[in-house]
Amino acid sequence: KRRQEAPYDFMPLGLPDAADPEWRVWVTDMGKDCGEGGAADPNPLEVGVLPDGYEGYQRVFNYQGYEVHNFGMSYNPEPGYTTFTGSIGTFKLCYCSGLSMDGLGLTCDYTQQADYPQTIGRLVILGVVTTEYELVVYPTLRFDLYICCGSQECVGRNQGEGACSEEVGTPRYKIVANNPYNDYLYFESESGCRTAEQLETFSTGSKIVGGHLGPDNCNGPADCHHLPFVPDGCSSGVPCADQRTKPTFKGVQIDASFDNMVQMRAELDICYCDDTCTDPLNWFKAGHVSVYPMLLELQNVDGDLPEQIQLSNPSIGSKITLGFAVVNTPVWVVIKGSDNYGGWSTESSPDPTKTREMKILRDECGRPDRACEMKIKCLSEEQPNVVTGHRLVSGNTDYTEPITLLNGIQPTGQRYGSQCAAPVSADAEPLCEPAIEISEPGWFVVCYCDTNCNEVANWALVGRELITGPDPGQTWRRYTETTFSINITGWGLKSTNQLRLLSPNDDLSFCGMINPATGVEYGPTDRGHGPKAPTSGRTTQALVWSKTEADNSQIISLEYNVQGTKLTFNKRHGLVDGDRVMLEGVRIEAASSDPWDTDRATAVEKMYSSVHEVTLGCDDETTKCHEILIPVSFLASEFPTFSSPTSIVWYRNSEAQFDNIRIRYGYPSLEGRGYRVCWAPDASSPYVGQVGEMRVDDPLLMESRLGLTTVLPQEETLDGRGSPVVVYFKTGSSARYEQADGPMHLYLAIMPGLINYDAEEWSQVMEPMDWQLKAMDETAAGDFLTWESANQVFCGRMFLEMWSEDPGGFPMPDGCYFNEDTVHDNGRPPVKEIHLRFGPRNGLKKETVYMLVLNMNIIKYDDATKVLDTGFPDTGAVWVWSMDDYNSDPFSVIELGQAKPGELDDRVPPKTPDGKLLVLGEDSEDPRFHPDDGFKVVASDGWGAPGAWQELTGWCLPNNGNLDTPLPVSRGGRACMPCNTEEDCGNGDEFTAPN
């Protein structure tokens, strides 16, 4: 007997336990009579008694004086068999009260139906069906909820006429959270459906659990009022056979569930009451419903996802596809489910102005610390004007209509952004191309509403999409002839990106009109050399900063944090607040092989295998702390388990450096207008990114000259050739010499000469030599090739003297280094550069004369007019670059000196026609060496007789303790004593030459 008050359980009445042997129940089809036939029907759906010893399946047990026959669960059976209760239907129950009809002594033999002659009733197994087409339930889409009461109409079998209430309007339902207690039978006090509240949408952290959305239904666990559909011909108070078979609740909606703004599959239970539904004891579980996430794709003209990144997931044998679209590139926006029928509205839906609406909005809610109500945002916010090809028609929600996708006649989703031309013939399909473009990069969200789109509840976030490309409106200032880099910021940048410079006369909108196959616009021939592909490396703040490039930094763990996910690295990562990183190869261990767990693992992998904004935790070698936070957040109890974190590849893709750009001297940008900078995702794609403009100026010129100690050119540069030259320059009045706080920079560029303009033939004019007259190139320079490797040792190798008119002298360089600039075109040889790096606040001074002395070799050429002279090279043989603060702007030029020698033609010794020096006659007024003695230094007044030869005196080196220096006088040597020859100092004698 059931109690009339809580807990409404059954009370024992003192009846005896079941007889021995056990009495048993046989389950069969409604179309059969109990006790018919001999052998049992082998169909497991109609066999309710299984052999002894079958683990987990009890035939009968005693409970409070009653026989309880356990026929198993109605879903998720043990592997290897299917219980009959796995099917919705109506079944006849046949009873055996210890009989053995064949007289063989085995009572209630499960192989003998004749042992079960007594009909004791019927068993009705209810189930939930979503409309007659078995449609897939998607968030916010309306569907009809059928409670199938075991009738033939529902299941298509000879099962009976249904068993639900015939009373019109009495059944009720509620959608509740999935809970094992809901599986208890209605008469059991633990039954969850008695007390479960209808699930309403709620959020916890970054997780949103979607609940019942509409129509309005429950005010309490047993107070629900969404009435079932009244079939035709039925009315209140009159029994209705149609309602007995399948009570139907029209237009049910379930909200979307999210984790980290990714739509997630949800499993919900359906509790049902057939009659007297204000009594909690009449509620029980009728079934469950799966709510599948909508799928969002940005498709290009081929219907493929642009910029695909395939990330294999061997742990569950599937793949994730991330489609990263590109700025100013046309796409379709496709919102769909699987190929199965969904409750999507179509062109024929009522009031099409309030159906199938879609918006693309900026994502300002993608972090736990930037939470916002997406439904309100989706309804009230207007689509930004950076989105084109999908326009607002009227109001705030009426946008361009989509094309509904069909599988046969059933809708499976919507496609937006079609730009269609008229069909070529009456029976042909229209020719459509994608037309939606987004002009700025970043994260965007796509909102969708299927019906009644002026109501906030009907809007849902479908997904987030990253639009890759450079940030617009960037500016740079550079100078002609010096090779430079530019760093661009953006989203999803990578090593395949390309830049192109347009003339200052062009507009940025011309970027996408350039065919990449036509070469660099205003390129090498006319103006300069275009940028090469981005480079990588920590010291240059490169595009790709991965574990192999940032000190070989690896991710070693991903851990729960209240603000997101904490990533720990094994060493310095170099990231700062606001950087964005891409993670690849994230693997999540599924909790089990159950499809629910594997699907969730795949979804979580997608959350991590994406681009994330970084919050710096620490990056300190002293404390060995190297951590960052990314905004992927879970409840502590739901935090995923990662497989092989060290295999995760990470990239910083928020900044890209493009190297080796040069604009020729004499081609500055126009006043107020810079060169236009365009961006392309790769070499085969159009330049769709409108980055900004680069102002390029010719440097200010300062006074500079080149002094020579010889005018004789050498045929080639060999060790031992060359002679000292003096590079003179005088700084101007720029205030930057006093204002710069960081290290300043001076370098000498030894310029080649253009021999034949039409043939684009070049020649080296001078070659730098070190202090030992050894030729200098990158090989000879050794390790001294970069700003970071600059060293005073190299200064000593290259410069013989540094002089300044300043009383403090020439500023002591921190170091020097060598570079060969090869960013040149049309056969131009490398420009060899010698750099001086000054310490902070220890650079050159304004309006001051400086001189540098170093060895150079003058190169011979067949045409005497193409040998070093005042007019060749025409812009100077040595360019003196005075550079600004290296830390704040390494490419800023204060001023440039173009050093030329004086007129050389009249001072080159005359030669005979066969190339030999011409000996001048006695009557020549030109200076000449003595034919026998060469030259001698003549004594001046006070140093002997006027005109007499003045003998020069040398001095022996001091002894430094080594054998290769003279011995001290105390030991019979001549250290520090006057001498005329090496032999005087002990280096060699009349038999041995000096070494």
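A disulfide, defined as a pair of cysteine sulfur atoms within 2.5 Å, joins Cys34 to Cys94 with an S to S distance of 2.0 Å. The structure is a predicted model, in which local features need pLDDT of at least 70 and side-chain atom pairs count only at pLDDT 80 or more, whereas totals for chains, interfaces and linings use all residues. Residues are numbered from 1 along each chain as its sequence is written, and side-chain values use heavy atoms, with hydrogens and water left out.

The torsion about the S-S bond of Cys34 and Cys94 is about -80 degrees, so this disulfide is left-handed. The pair links distant parts of the chain, 60 residues apart, with Cys34 in the loop between strand 1 (24–29) and strand 2 (61–63) and Cys94 in strand 4 (residues 89–96); helices (H or I, at least four residues) and strands (E, at least two) are DSSP runs numbered from the N terminus. Cys34 is buried at 13% relative accessibility, and Cys94 is buried at 2%, where buried means under 20% relative accessible area, exposed over 50% and partly exposed in between (1.4 Å probe, protein chains only).

Cys976, by contrast, is in no disulfide, the nearest cysteine sulfur being that of Cys956 at 8.4 Å, and Cys976 is partly exposed at 47% relative accessibility. Cys979 is likewise in no disulfide, with the sulfur of Cys985, the nearest from a cysteine, 3.3 Å away, and Cys979 is buried with a relative accessible area of 12%.

Turning to the backbone, the peptide bond from Gly214 to Pro215 is cis, with omega near -10 degrees, and Pro215 is found in the loop between strand 11 (212–214) and strand 12 (218–220). The peptide bond from Phe872 to Pro873 is also cis, with omega near -10 degrees, and Pro873 is placed in the loop between strand 58 (849–858) and strand 59 (878–883). Arg356 is a residue other than glycine with a positive phi, near 55 degrees; Arg356 lies in the loop between strand 23 (332–336) and strand 24 (357–362) and is buried, with a relative accessible area of 2%.
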